[in-house]
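Hello,

Here is the structure I promised to pass on to you. Please have a look at it first, and then read my notes below.

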Amino acid sequence: MSDVLSPAPETQQPLPPVRKPKRSKETEVGRSSVMTWVWNVIALFVAVVMAFPIYWMIITTFKTNKDLISQDPTFWPSSFSLDSYKTIFDDASFLPALRSTLVLTVGAVVLGVAVGFLAAVAVARFNFRGRSFFIVTMLVVQMVPLIAILIPLFVVMNNAGMTGSLFGVILAYLVFTVPYVIWTLRSFIVNIPAELDEAAMVDGCTQWGAFFRIILPLTMPGLVTTAVYSWIQAWNEFIVASMLLSTSGNKSQTAMTWLTFYSSTPTRAADYGSQMAGGLLVSLPVIILFVFFQKKVSAGLTAGAVKG
């Protein structure tokens, strides 16, 4: 009787064998591994081609005169020499020119970012008559070549008695620094919800308090990005500085004007080692600045690329 009432034993069916997935020739992004290697090789080749002039510039500064005037190019110096750098530092105009460039760049960046940031906040947060026209004007100003406004700029600065002074050049640099700062920072400020400002003012903050507690911290990546690119523009500028400082002689010339005239002098025109050393020393501050702020610049660019 118990055998009749007991349930029949369940028959266990064997599990199907686990099949290993076949390795596909396609990667997760849908690109074959062969094409990935091809594109990597192409990218490496392009990188080598782009980096070779920089390598040649650096290695030339350490070459001796024998390697410099050799008919066959040497990709590695037979012996290293620091005579090119010694020649540059022995020039009495090099360090004053570098100091003038530093003063001009710092002044243009500080004033440009301060004025442009406040103007960008006004454009992004307040509605006023002519707001759209002002935004379009900032864009149009950046499209105008700088050489097209040299003569009017020189006339204005000359009538104001600011030619030949570093302060006059700093004010002239604001012509291309401020529009760039306004147009760039406006996109960052627009992405910050206005409700955050209103909530801060409900909690007791004034407009300036909301500005320093909400807008300024959230816009910091954009400020770093615009400041770095404004620094590069001001540091590398040549035309305006050479035109406005032409009356001051060699006392207030910038590093770019010094390097141009140094390379064109009869005694240094064929001294390629010192020319390369001067170019490297002039470019080194910008390279160090960009490498130091590289992550913040990348974060600022991606943060401002979401919404215009």
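This is a predicted model: local features need pLDDT of at least 70, side-chain atom pairs count only at pLDDT 80 or more; totals for chains, interfaces and linings use all residues.

Residues are numbered from 1 along each chain as its sequence is written, and side-chain values use heavy atoms, leaving out hydrogens and water.

Trp258 and Tyr262 both belong to helix α13, 4 residues apart, about one turn of the helix (helices are DSSP runs of H or I with at least four residues, numbered from the N terminus). Their ring centres are 5.0 Å apart and their planes are at 25 degrees, so this pair is stacked (rings of Phe, Tyr and Trp, the last by its six-membered ring, pair if their centres lie within 6.5 Å; planes under 30 degrees apart count as stacked, over 60 as edge-to-face and the rest as tilted). Tyr262 is buried too, with a relative accessible area of 6%.

The structure holds 16 aromatic pairs. In another of them, the rings of Phe94 and Trp258 have centres 4.9 Å apart and planes at 55 degrees, so the pair is tilted. Phe94 is in helix α5 and Trp258 in helix α13, so this pair ties together parts 164 residues apart in sequence. Phe94 has a relative accessible area of 2% and is buried.

Which residues touch the most other members of the largest nonpolar core? They are Ile88, Phe117, Leu185 and Trp258, out of 34 residues (such a core is a set of buried Ala, Val, Leu, Ile, Met, Phe, Trp, Tyr and Cys residues joined through side-chain atoms within 4.5 Å). Helix α5 gives the most to this core, with 8 residues. Leaving aside neighbours within four places in sequence, Ile88 is in contact (heavy atoms within 4.5 Å) with residues including Phe94, Trp258 and Tyr262.

Finally, do look at helix α8, where 19 of the 25 residues are buried. The helix bends by about 40 degrees at Val175, and Pro179 follows within four residues (the bend is the angle between axes fitted to the seven residues ending at a residue and the seven starting there).

Best wishes

Key
Helices (H or I, at least four residues) and strands (E, at least two) are DSSP runs, numbered from the N terminus. Buried means under 20% relative accessible area, exposed over 50%, partly exposed in between (1.4 Å probe, protein chains only).
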